[in-house]
Amino acid sequence: MLPLADLQSAMRDAALGGDMDRLSGVIVEDGFSHTERLSIHRGNTTILLTEALAATFKVVHKLVGEDFFEAVARLYIRAHPPRNPCLFEYGHDFPTYLASLPQLDGFPYMADVARLEWGWNEAFHAAEAPVLSASDLAAVDPDDYAQLAFTPHPALRLVASPYPIKEIWAVNQCGADDDAIVDLDEGAQTLAVVRPKAQVEVLELSEPGLTLTEYLAAGERLGNAVERVQTAVPDFDPASTLAVLIGGGAFSTHILQS
Amino acid sequence: MSSQHQSAHPVLGPIPANSLPARAGIGLKAQHYQEILERGADIRSIGWLEVHSENYMCAGGPQLNWLTALCERYPVSLHGVGMSLGTAGPLDAKHLKRLVDLERRVEASHVSEHLSWSIAKNAQGGGDYLNDLIALPYTEESLDVFCGHVEEMQDALGRRVLIENPSSYLRYEHSVIPEPEFLLEVAKRSGCGILLDVNNVYVSAHNHGFDAHAYLDQIPADLVGEIHLAGHSQTVIDGRAILIDDHGSPVIDDVWSLYEYTIARLGPIPTLIEWDSNIPDLDVLLGEAAKADRILAAAHPPEEVRHVAVG
């Protein structure tokens, strides 16, 4: 008799596309072979996890089409099955997986679009927290700005791409103009995903602005963070980046560090 | 069977049969949040709502806020699909903690799970989640594993849970305990209640050739805290049909008959209309719920049934 743990391991392998013969003689046949019965479970796992991925990566699904998405999802599910039952957390390495596929060589933006969708998904499910507004900072003496440090809002996610992924993402949302055209030569985009209220929003930053945001999100003081960015980009002016970040709700709290 | 399992768990309360109204409820779908909140008092046919616990185990965000808003208007039941109580080895402690946190947050009327497994331990010491509810072999080993996990879940929550009979597409040569007996033994050892899914009984009875009425007759009224109804589909392999429990269509007439039979025998019990794929308009779900409500309203409590039978 197969111990329960061994049975479950053999059925996991069968559900994920592996050998079913180990279960011959274990499954009651009774009109259907063990492979026919196990195929129902393989189908359940494949179809339901593909649906979960398609729900998270809606734009990728639309861009590559149903058939290709299903084929890729099947391979991904078998190589990277979920490690916990909360499926809104499933797919964090799907963008990297897409980047590894030679079939997508002609679509170099696809993995970055997936990264944006994953960032959106994480922002959507992130914890509630206060949103730091410009008026919260009104009491800070401008002479002390260099000492400001921020805690990022739990929803804040940063995504950078050599392609205009925000436009690609936007024109492929439900209800968007189907005939819209995105020029891939429009250039790189560096984005912050935020959720200031109930809605997830995508903000555009400059490339050095994104670097500044990374430093600030890691808790660096504003003065240090700006200096570090200016080492690489001497004429970088943080004002517009800070306006976008604070206006968009990227931070939760601030403190003055002496 | 070890002696410490002979009686029900002493610290837990009664089967939560009274914490939901003995009316029809519906499975809450994201597509319907807004409409339910906007229509509000206009929707009298929603007695209560049920959600899949795993969909709301996020740290925050709009979904949890919708659920919290709906919890203020309707009793809410948490139905888990991922605890995998039938998996050999320890339960996922992190997942159990997330369930406890959610249960506290929504003040759930019921907490339920399935008599099945969906996670297989992997070589890395974690588990692979198959997103499927797979039947167990009904053996003494499975019984020990399953009862231990139900007890662990109940201890963590500090309350009784309901365990749902599965729909199944396969059986194992080494199964030695009939499913209803296994389920009743789980209830006896752990003190849990039963979530009786009438559609699952119908689906499994068809797939394995047993008598659905005979199965239902073995389930005592005092253990059943909730009933589930759903639609299923049919797949034909080599000219033979196998029923698939996909919750993607209306409840079929044969299952309604089985439900009437069940309610006549057990008395009115909170009944959920489940619909998880090809989600229809809210009014379609409400129509199914109204149908269940009519059957519930016509039912006598079990005492009266017994009285009539004795008299």
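## Helix α9 of chain A

In this predicted model, the buried residues of helix α9 (residues 222-232) of chain A are Leu222(A), Ala225(A), Val226(A) and Val229(A). They lie on the same side of α9(A), because the arc they cover around the axis is only 95°. Buried means that 20 or more other C-beta atoms, placed from the backbone, lie within 10 Å of the residue's own. The arc is taken from the directions from the helix axis to the C-beta atoms. Helices (H or I, at least four residues) and strands (E, at least two) are DSSP runs numbered from the N terminus.

The packing partners of these buried residues are β1 (148-152), α8 (207-217) and α10 (238-248) of chain A. Contact requires C-beta atoms, placed from the backbone, within 7 Å.

## The open sheet

Chain A has an open sheet of 3 strands in the order β2-β3-β4, with antiparallel pairing; a pair needs at least two DSSP bridges. β2 (157-161) and β4 (201-205) of chain A are the edge strands, each with a single partner, so one side of each has no neighbour in the sheet.

Strand β3 (residues 189-194) of chain A is joined to β4(A) by 5 bridges, and Leu191(A) stands opposite Glu204(A) in β4(A). α10(A) packs on the sheet, touching β3 and β4 of chain A, and its direction makes about 170° with that of β4(A). Such angles run from 0 to 180 degrees between N-to-C directions, with axes fitted to C-alpha atoms, for helices over the stretch in contact.

## Conventions

Residues are numbered from 1 along each chain as its sequence is written, and chains are lettered from A in the order in which they are written. Local features of this predicted model need pLDDT of at least 70.

Methods. Predicted model: local features only at pLDDT ≥ 70, side-chain atom pairs only at ≥ 80, totals over all residues. Buried ≥ 20, exposed ≤ 12 C-beta atoms within 10 Å, placed from the backbone. Contact = placed C-beta atoms within 7 Å.
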